[in-house]
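Subject: Handing over the structure

Hi there,

Here is the structure I promised to pass on. Please have it open while you read my notes below.

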Amino acid sequence: MPAELLPTDTRMATVSLDVADLDLMSRFYAEVLLLDRLNAADGHVSLGRDGRELVVLRHRPDLPRGERRTAGLFHTALLHPDQATLATVLASVAQRTPQLYTGSGDHLVSQAFYLDDPEGNGVELYVDRPRTEWTWRGDRVVMDTLWLDPNDFLAEHLTDAARDYLETAPDRRPALAGTAAQVVGHVHLKVGQTALAKDFYVDALGFEVTADLPGALFVSAGGYHHHMAMNTWQSAGVGLRAPALGLGRVAIEVPSADDVLQAAARLRGRGLNVALDAGPSAARLSVDDPWGNRVEVATG
């Protein structure tokens, strides 16, 4: 029998986006969100931090623009190692693309700021509060959305060094210091039903529920507040998504090939079509959720 859960040290890996304007989008993620360009070839640009790939852009000008109400990406959440680093990136957004900023929230477990990229893909920039400050009620973590003033946050956490850094032309900036821990902290999707999302992401894939709010489900591995979330706020009742710009793939990283094989067994046990490439020390599976969002589970 396969194990029922993903391992405790599961983490999110890469989010891939299909984009119409590869140059515009790659400049946004590099020059505004301050990610490093890691590779560019064959219509793909990968960006990340400290050599770790976080966002991959695939040039697909043949695809139509996705509709707001369809299933797909709600936001990619980039987790920053500290408030000073988050303030640096937030100040870059305010300086370069203030029109793309959409809001903020103190979620008790984290402090977050929201925006859209130039093609309408949601982005969250956030920092976690210490785990000792999280409150659990049984197996559910307490989260909320309280007012978080971006100007107060910048006044408290933006350093003089960060201001100097942002005044330097993008092509002359050194690597942004202090961000080796920057990762994709979680990924939030638009789906048609939260009950069906639970069937796939919890009962089949192996996450655990950490919060269920009206129209939204939050899941994680290893006691994190959430690695993934699924909501119906804009998409209640929708079905399979049509090919369109936006989300291409969500990648989840697990420690061992056996963890991938266990996940594949759970998914296949539910009758799902799983593509699997497995060797003795590395493995990768791909599967579509009920709305056609591509999910990959692979060894690091």
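Which strands does helix H6 lie across? Helix H6 (residues 257-269) lies across strand S15 (246-254), S16, S17 and S18, and runs at about 25 degrees to S17. Contact here means heavy atoms within 4.5 Å. Helices (H or I, at least four residues) and strands (E, at least two) are DSSP runs, numbered from the N terminus. Axes are lines fitted to C-alpha atoms, for helices over the stretch in contact, and angles run from 0 to 180 degrees between N-to-C directions.

Before going on, please keep in mind that this is a predicted model: local features need pLDDT of at least 70, side-chain atom pairs count only at pLDDT 80 or more, and totals for chains, interfaces and linings use all residues. Residues are numbered from 1 along each chain as its sequence is written, and side-chain values use heavy atoms, with hydrogens and water left out.

**The sheet**

Those strands belong to an open sheet of 8 strands in the order S2-S3-S4-S1-S15-S18-S17-S16, with mixed pairing. Two strands pair if DSSP finds at least two bridges between them. At the edges are strand S2 (36-41) and strand S16 (275-278), each pairing on one side only. From one strand to the next, the twist averages 20 degrees. Another helix, H1 (residues 22-32), lies across strand S1 (11-19), S2, strand S3 (44-49) and strand S4 (52-59), and runs at about 160 degrees to S4.

S16 and S17 run antiparallel and are joined by 4 bridges, with Ala 275 opposite Ser 286 in S17. A hairpin of 4 residues connects S16 to S17. Strand S17 (residues 283-288) then pairs with strand S18 (residues 294-299), again in the antiparallel sense, over 5 bridges. In S18, Val 295 is the bridge partner of Val 287, and Arg 294 is the bridge partner of Asp 288. The hairpin of S17 and S18 has 5 residues between the strands, and Gly 292 there takes a positive phi near 85 degrees.

**Aromatic pairs**

There are 5 aromatic pairs in the structure. Rings of Phe, Tyr and Trp (its six-membered ring) pair if their centres lie within 6.5 Å; planes under 30 degrees apart count as stacked, over 60 as edge-to-face and the rest as tilted. The ring centres of Phe 28 and Tyr 29 are 5.1 Å apart and the planes are at 90 degrees, so this pair is edge-to-face. Phe 200 and Tyr 201 are also edge-to-face, at 4.6 Å centre to centre and 80 degrees between the planes. Both Phe 200 and Tyr 201 are buried (buried means under 20% relative accessible area, exposed over 50%, partly exposed in between, with a 1.4 Å probe and protein chains only).

**Salt bridges**

How many salt bridges does the whole structure hold? The search finds 15, each being a side-chain nitrogen of Lys or Arg within 4 Å of a carboxyl oxygen of Asp or Glu. One of them joins Asp 36 and Arg 49 at 2.9 Å, N to O. Asp 36 lies in strand S2 and Arg 49 in strand S3, so the pair ties together parts that are 13 residues apart in sequence. Asp 36 is partly exposed at 23%, whereas Arg 49 is buried at 2%.
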